Amino acid sequence: MAKKLLIGNAAVAQGAWEAGVRLVSSYPGTPSTEITEAMVQYEDVYVEWAPNEKVACEVAIGGAIGGGRAMTCCKHVGLNVMADPVFTASYTGVNGGLVIAVADDPGMHSSQNEQDSRHYARAAKLCMLEPANSQECKDYTKLAFDLSEQFDVPVLLRLSTRVSHSQSLVEMEGRTEVELKPYEKNIGKYVMMPANAIRRHVVVEDRQRKLREYAETCDLNTVEDNGSSIGVITAGISYMYAKEALGNRVNYLKLGMAYPLPEKKIRDFVKGLDKVYVVEELDPFIEEHCKVMGIDVTGKEAFTLLGEYTPDMIKKAVFNEDAAAFAAVEEQIPVRPPVMCAGCPHRGTFYVLKKLGLTVSGDIGCYTLGAVAPLQSVDTTICMGASVSAALGMAKVRGQEFNKKLVSVIGDSTFIHSGITGLIDIVYNKGANTVIILDNSITGMTGHQDNPTTGKTIRGEATKQVDLEKLCYAIGVEHVVIADPFDVKNFEKVVKEEVERDEPSVIIAQRPCALLKTVKYTGRCVINDKCRNCKMCMKLGCPAISVKENKVVIDRNQCNGCGLCVNVCPFGAIEKEA
Amino acid sequence: MSTKNIMIVGVGGQGTLLASRILGNAVISQGYDVKVSEVHGMSQRGGSVVTYVKYGEQVYSPIIGKGEADIILAFETLEAYRALPFLKEGGKLIMNIQQMDPMPVITGAAQYPADVVEKLSAKASVTALDALSLAKEAGNPKAVNVVLIGLMARNTDIPYDVWVDTLKATVPPKFLDVNLKAFDLGYNRG
């Protein structure tokens, strides 16, 4: 059998394909995005980017009820967006298997919070599997489809950044074609009105009992007896860290099934052990399960609730052994936070917003970086869509004078995701907010996915394109202006005019992402002898412009010739060179 | 053999991801178990990026701790400095002398440290080269990553031909010539 080096996400995709999946619908979100992107290579699967996770999950639920194996993939906060259908799909159950892959982000490499998705499995009464490497990603995905059909339950597959984005070897196999299951109308099972849901809840509790029995006997939960008096109960990537740190010096119970957790298996494992540790990133999920059973385990009193774990941390906690010696850096060295790329269209927008001293209700995307120095104009970032709705709330409590110094900024994809509903709220409830849609023609942060405003499907096929301008008019916004954020003079004028209005207005800041292949900036920006060193261009926070020996210089290697600095220089001291 | 730990550090956009993939694929062709950790998303946008490649009989954790890296391959000088604590005693630090100012330096909130190569050389075995000039010589400044892979390749026990085959399998055909040239320029300075 051929082995291939795959990231966990690609292995999930391969597993789904091998399991005969027919439909995958997702919204991008780091660290889950590559699962759905990888599905594109399989021509026999219907795959799509949905406008948001709730829609994606509902499409997958429909596919599963329709009798096909279906999957939806999201990041941890995406599961919040899809929570509504997930909780009720637990009651309806499935027909074809339904798998929900959710990737947590301990350490918040690319997220706004550090929530632990395992709580959803318990809260929604589902089944959850947790792989620890790419091979398990593939194997568990395949098993997840089987379990989904066997127990009539949507199955969650819990990933984390280090599992999703680490490559390891995977045995590649062929696809097993799974027949479309017959679709039969079944009102009692699929119409969740009270009378039916009351009966289904009974079925759910009975199913969970059966899943708990399965957890006792399945080979997902494995014991590794090394003859030690110390036991470690662990799961997912934490197992790999523990194994590296502690080797064969302890006994392991690796829980591949994160929910429901076994009881008897854990009791048997701890029998005769002097000390039992629970090693799990984020919340004490397994630990609390053990403690409720009255089992004495050491968990969060030895390990942190915060961030990612490391083998060193585990070695220290269990054996009080120090990590390897290392050479220290003996001076304070500057951090290197992420920045907007050279040529980023958002730079022009935030330059103007900062200049005007506006309060900026921000959102999730590359443009969250508008909160970072020197642009530093974003005031709030909560979740997808909140820029629009939270600004209405701010305006309602602080009044119209405050509102005249307030804007929302939201990307094209994020606006479709959940900004549009907030804008409808503004129109409906007589708000007078100004919303700037940062239309860069792509979903940027997650690595260039198409969306309903780009005119292309995930497979690159031409499709209908949502017209943002018409959409805003259609919901009742009467003032919609399209402006280029690199034409800073005009953009400033437009923003000033629109915030003054006593009615809702939308500015569509239109300029494509500089990293798109279709964007061809040429030449370089160079400083001529008219430069008076006023450092106006430094306010852009462009990675190509810096001050060397008290003179402004442009790094030719980093400059892509976008020309924004040419437009902000008051002395005509920056020009484009071919 | 015991596990070999290679850490690749740089600035988002410099092509560290491709470098780690080339390395990972070269290593599996030798029959080793391997783990490669990648970085995606927010931190890719011009921030510090770190990827790990670990190979041996069996590899568990995909990450490398302080004092554990046999080789650090640094695409940028400040990032080489930042990564120093991860170098194993007796490990090799292979670095590009290119300097890219991080935003706190650009805004004047911090200073780019001086004489980094000298400071590092006092503490570790350092090979420094101007990979950007060599990449330009190969025909494309973006080939910095492959120049550095070439330099690092000399410091592993993986044969030259394996690297060339891996490049052929990893790099799009239209960029192959430039990349092979870039690899050789690095390799011959190793």
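This is a predicted model: local features need pLDDT of at least 70, side-chain atom pairs count only at pLDDT 80 or more; totals for chains, interfaces and linings use all residues.

Reply: Residues are numbered from 1 along each chain as its sequence is written, while chains are lettered from A and ligands numbered from 1 in the order in which they are written.

Start with the sheet. It is open, has six strands with parallel pairing, and runs S15-S14-S16-S17-S19-S18 in chain A. Its edges are S15 (378-380) and S18 (479-483) of chain A, each pairing on one side only. From one strand to the next, the twist averages 30°. Strands here are DSSP runs of E, at least two residues, and helices are runs of H or I, at least four, numbered from the N terminus. Pairing requires at least two DSSP bridges between two strands.

Inside the sheet, S16 (406-411) and S17 (434-439) of chain A run parallel and share five bridges. One of these pairs A:Ser408 with A:Val435 in S17(A). Helix H15 (346-355) of chain A packs on the sheet, touching S14 (359-361), S16, S17 and S19 (505-510) of chain A. The direction of H15(A) makes about 155° with that of S17(A). Helix H20 (488-500) of chain A lies across S16, S17, S18 and S19 of chain A, at about 170° to S18(A). Contact means C-beta atoms, placed from the backbone, within 7 Å. Axes are lines fitted to C-alpha atoms, for helices over the stretch in contact, and angles run from 0 to 180 degrees between N-to-C directions.

Now the domains. Chain A is assigned domain 1 (3-217), domain 2 (221-319), domain 3 (346-510) and domain 4 (524-577); the bounds come from an automatic or database assignment. The C-alpha centres of domains 1 and 4 of chain A are 50 Å apart.

Next, the cores. A nonpolar core joins buried Ala, Val, Leu, Ile, Met, Phe, Trp, Tyr and Cys residues through C-beta atoms within 7 Å. Buried means 20 or more other C-beta atoms within 10 Å of a residue's own, exposed 12 or fewer, partly exposed in between, with C-beta atoms placed from the backbone. The largest core has 163 residues; A:Ala101 and B:Val147 are among those with the most contacts inside it. Domains 1 and 2 of chain A both give residues to this core, so it lies between them. A second, separate core of 64 residues includes A:Leu358, A:Ala391, A:Val409 and A:Val568.

One more strand deserves a look. All six residues of S4 (70-75) of chain A are buried, so S4(A) is largely enclosed by the rest of the structure. A:Ala70, A:Thr72 and A:Cys74 point one way, and A:Met71, A:Cys73 and A:Lys75 the other. S4(A) pairs parallel with S5 (98-104) of chain A over six bridges, with A:Ala70 partnered by A:Leu98. S2 (23-26) of chain A joins S4(A) through two bridges, also parallel, and A:Val24 stands opposite A:Met71.

Last, the contact between chains. It takes 52 residues from chain B and 49 from chain A. S2 (33-37) of chain B gives the most to the chain B side, with five residues. S8 (166-171) of chain A and S2(B) run antiparallel, joined by two bridges; A:Ser166 stands opposite B:Ser37.

Notes:
Two residues are in contact if their C-beta atoms, placed from the backbone, lie within 7 Å.
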